[in-house]
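Here are my notes on the model you sent. Please read them with the structure open.

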Amino acid sequence: MFRRQGWDLTALLNAAHPQAPLAERNLWLVRLIEWLRHAPLKDDRAPSAPSAPLPILRLKYLLRMLERHPDHAKAFAEVIASVWADVDAISLFAEVGFAPRMALWNEFLGRLRRRLLPLSADTKDLSELFELLFPHEADEQWIAAVDDELLERLGLLFAGAPEGDWREEMRAAITVLVSSVRSAGLSGALRVRMDPQLLARRPFRNLATAWEQVEHALVEHDRAALPGRLQYLRGLLDECRAAVRSVPDHLEEHGVSVDLMFGVEQMQARLRRVEDLLAVLLADHPQRELLRLVAALVAVVHDRRSIRTLFARHYSLLARKVAERSAETGEHYITRNREEYGDMLRRAGGGGLVIAGTTFMKFAIMALGLSAFWGGFWAGVNYAGSFVLILLLHWTVATKQPAMTAPALADKLRHIDSDTGLQAFVDEVAHLFRSQTAGILGNLALAAPVVLIVQLAAWLSFGKPLVGVKEAEHVLHALTVLGPSLFFAAFTGVLLFASSLIAGWVENWFVFHRLDSAIAWNPRIVARLGAGRAARWSRWWRDNISGLTANISLGLMLGLVPALLGFFGLPIEVRHVTLSTGQLAAAAGALGLDVLKHWPFWLCVISILGTGVLNVGVSFFLAFKVALRSRGIRLADQKRVRAAIWARMRRQPMSFLVPPKG
């Protein structure tokens, strides 16, 4: 009906029927707001400010029409009053912007439903009608732009509503909000993660009683008792806010989940809504506060429709905890003096020794001629077993360092505003680069010679090498820089980064579910292992769960991901700098010294150099970006940072390769 009438305001006002079914009255309100938002202004002759939003100009025109035609004004007010009387306004004040359950995935499904399915005007829920009335983000701006003079004239919109109705609905909404906050604050998952000192006065337990006293004073107009009761209520609200804000400070001990942090944000938003409703109820002239509340509700409605915002906001803290756990581990990979540098070389050499054995196991698995999946699976087991052995022996694989050290470096960016902080960051860059170089050199310094020695020993013992000429020629063909090896190396860097994320997530899961405490104190485990051994096992798993997960996940991904991608017709392989060096050394051992005279060998050497750069660079870049974003750090003064690093390279180039004396 309203579509056929187009933007004819007279026809719209003639269609105002207070006795019509609620669905028709709701739809009439929706069309009225559409008219404010989109109607042409050909009938508006008022000399309004050109900077005023168009809906404000249309609203002034509407009010002039109502003032000139009392019959239309009467029907208009009666429709507004009848809709208000028939809908549930509590839902608007207490539920808009909040999930019915403290679960992120339920909220995701709800947002997805609202994006894909149309809403109905046949509803008694004012929160649903509100979404139909204000479906555009720009509505917030023009509502907030209503001036005091226009706001006073807008009293006509609520002329038919009894004065006490909206106040009663708001008081009921505060009761709902207070009950939700009290329930969530007393739940075990959040309570255990709050600062105990902030819970000493039991703010969540006393919140409902404090509000009941304030509500009684408001209803009875007890002006003498109201200030004291209101001060006590607001004090409790502040204490609840402080307790909720303390939750992230205790996540290192108790772990974090996105559902938990979603619940924290919901509590904070409900506490803010209580304050907003109190501001309206306590104002001597509440029209301005009410308008501000409506504009805020419009913003909340549109924020709640965004799925991207939902996940970006609630996964940022989880990313931060993953990055911080990686940063703690990464500190162990950064060398700052000659003693630590020498230790890194020794540990990297040990890692290279194990990788030499991994290389021969890889060729043995290839010789079995297994199917793609099982070949990839056992290759993954080979890699994972080697990486875990290196971990348990306290040795290192150089390519594992970047994803761990990047978050540690990102943390230093907090202090680059000062010259001292900037120089400290440059120092950390030099330490990191030097440590990474030491790791790679240590790995390669033992991996390649050990493989050559084994090949030579096999020649002397059996008359032929362990890795034959056919396999050697395949290596030269596969590793050449003229092929896709560099692309595969960059892809391997992504897998290296992914393993660090998996490690951080699993460690967080381990802590969140208190598995270390379960190992130490579970009666059946203690009875089987004894109290002392159970405590040692608990500490061991807490210290090593991240490293085990990182190395096992990396090994399995290096073996299985190419096989799985090949199933979908994507011929992607992995190129790990240490493993590739071992393979090239095995090929050289099979082909003899003459291989050094031919370009295919040196093309593979060039490819390995690029592989090392891409393994390290891609992994570091991705981890660094996640660390920056999770901490909310924006590197605004990039030129200043780059200039400081280049200045250090010009003055002290060797500091990036050799540790300082003393």
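1. The accessible surface of the protein chain comes to about 33,200 Å². Carbon and sulfur atoms hold 61% of that area. Keep in mind that this is a predicted model.

2. How many of the residues are buried? Of the 662 residues in the protein chain, 50% are. As for secondary structure, the chain has 30 helices and zero strands.

3. Contacts across the sequence come next.

4. Now the charged pairs. A search of the whole structure finds 18 salt bridges. Among them is the pair Arg25 and Asp86, with the closest N and O atoms 2.9 Å apart. This pair links distant parts of the chain. Arg25 sits in helix H3 (residues 22-38) and Asp86 in helix H5 (residues 70-86), 61 residues apart.

5. Asp86 has 34% relative accessibility and is partly exposed.

6. Glu275 and Arg234 also meet through their side chains in a salt bridge, at 3.6 Å from N to O. Here too the pair links distant parts of the chain. Glu275 belongs to helix H16 (residues 258-282), Arg234 to helix H14 (residues 226-245), and 41 residues separate them. Arg234 is partly exposed, at a relative accessible area of 31%.

7. A further salt bridge joins the side chains of Asp594 and Lys597, 3.7 Å from N to O. Asp594 is partly exposed, with a relative accessible area of 47%. Lys597 has 69% relative accessibility. Exposed means over 50%, so Lys597 counts as exposed.

8. The bridge between Glu275 and Arg234 was described in point 6.

9. Last, a surface feature. Four arginines, Arg182, Arg191, Arg202 and Arg205, gather in a patch of positive charge on the surface. Where does Arg202 lie? Arg202 is in the loop between helix H12 (188-191) and helix H13 (203-219).

Technical notes
Residues numbered from 1 in each chain as written. Predicted model: local features only at pLDDT ≥ 70, side-chain atom pairs only at ≥ 80, totals over all residues. Heavy atoms only, no water. Patch = residues over 30% accessible without salt bridge, like charges linked within 9 Å, V, L, I, M, F, W, Y side chains within 5 Å. Areas by Shrake-Rupley, 256 points an atom, 1.4 Å probe, with all protein chains shown as cover. Lys, Arg positive; Asp, Glu negative; His and termini not counted. Charge placed at Lys NZ, Arg CZ, Asp CG, Glu CD. Helix = DSSP H or I, 4+ residues; strand = E, 2+ residues; numbered from the N terminus. Buried < 20%, exposed > 50% of the residue type's maximum accessible area, 1.4 Å probe, protein only.
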